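Good morning, colleagues. Please look at the sequence and the structure first.

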Amino acid sequence: MPVDYAHPEEDRFFNFALELVKKAGRLVRDAFDQPSSNVQTKASNTDLVTETDQAVEAMLIKGLAAEFPEHKFIGEESVAGGQKIEYTNAPTWIIDPIDGTTNFVHRIPMVAICVGLAIKKELRAGIVYNPITNELFTAQVGRGAFKNGFPIKSSQTEAVSKAVLLLQIGADRSEKFVNSFIESYKAAMVKSDARGHRSFGSAAINMAYVAQGCVDAYAEYGIHAWDIAAAAVIVKEAGGVVIDPLGSELNVMGRKVLCAGTRKLADELSGMLTHVDFEPEG
């Protein structure tokens, strides 16, 4: 089946970004091997940034902007620095330089460079690269999903009782938010007796692992577009589903996500979660 391109140069966009991400991976790996990082806090004590986050994002945006001057960018550190999110029909790169910064700071090897490409507000390509474990997840719409060049497929699990779930709490630690997480956890793990629970501290890693089928479903509230844009393409191309936790179509700017290997599992998990609403970004 021929690929339906949103832009005639879509392959060139993706291939150029992929080489940049690999170069950025060396920077992250070198920094990870050092004994410590210079750490700053952003919105709270749970929202961290390092000089490596900033250097990687600058490197990616500088390289992409030089090659594709008409393209737009939404980057985590740029937004943290005051840049307004503008999500338009133009080719837009959605970038998280290090998803899992707390892991990076504590030298836990679950981190990812995330680069997603949206064209006409449709997610078209995703790159999620963990240079510490040497796991490179990639996908383009209509091409399938890959890990280190080999095809991956999501699991076919359809029941929560047979699933390994990822339920992750983010940087928001308000009482309402924490209570909603606890209720969701109890519903999935106690009432429904899920097979197991894991949380890797990185939305992109969580989603990539759903894509490769080693875990079955993931849900999180309070995340941002740069956490999920790249990985959403990978999950879908691996045969999985990515939706709003309420069951509607995913809004990448909606600050919440649910993904699973099958729609049946996604719907069951959706029905047992205690939902938290967020004002969409952009």
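Across the interface of domain 1 and domain 2, nine residue pairs are in polar contact, with both residues at pLDDT 80 or more. A polar contact here is a pair of N or O atoms within 3.5 Å; within protein, one must be able to donate a hydrogen and the other to accept it, and residues adjacent in sequence count only if both atoms are side-chain atoms. Salt bridges across this interface number zero, a salt bridge being a side-chain nitrogen of Lys or Arg within 4 Å of a carboxyl oxygen of Asp or Glu.

A word on the basis of these values. This is a predicted model, in which local features need pLDDT of at least 70 and side-chain atom pairs count only at pLDDT 80 or more, while totals for chains, interfaces and linings use all residues. Residues are numbered from 1 along each chain as its sequence is written, and side-chain values use heavy atoms, with hydrogens and water left out.

Let me now define the two partners. Domain 1 covers 9-151 and domain 2 covers 160-271, with bounds from an automatic or database domain assignment. Taken over C-alpha atoms, their centres lie 20 Å apart. To the contact (heavy atoms within 4.5 Å), domain 1 brings 38 residues and domain 2 brings 24 residues.

The two domains bury about 2300 Å² between them, and carbon and sulfur atoms give 72% of this area. Buried area is the accessible area (1.4 Å probe) that two parts lose on being put together, summed over both. Of the area that domain 1 buries against domain 2, M110, L123 and F137 supply 23%, more than any other three residues.

Strands (E, at least two residues) are DSSP runs, numbered from the N terminus, and two strands pair if DSSP finds at least two bridges between them. β7 and β8 run antiparallel, joined by four bridges, and Q140 stands opposite G144 in β8. Three residues separate these strands in a hairpin, where G142 in the turn has a positive phi of about 85°.

What joins β8 to β9? Two bridges do, and these strands also run antiparallel. K147 has F150 in β9 as its bridge partner. In this hairpin two residues lie between the strands, and N148 in the turn has a positive phi of about 50°.
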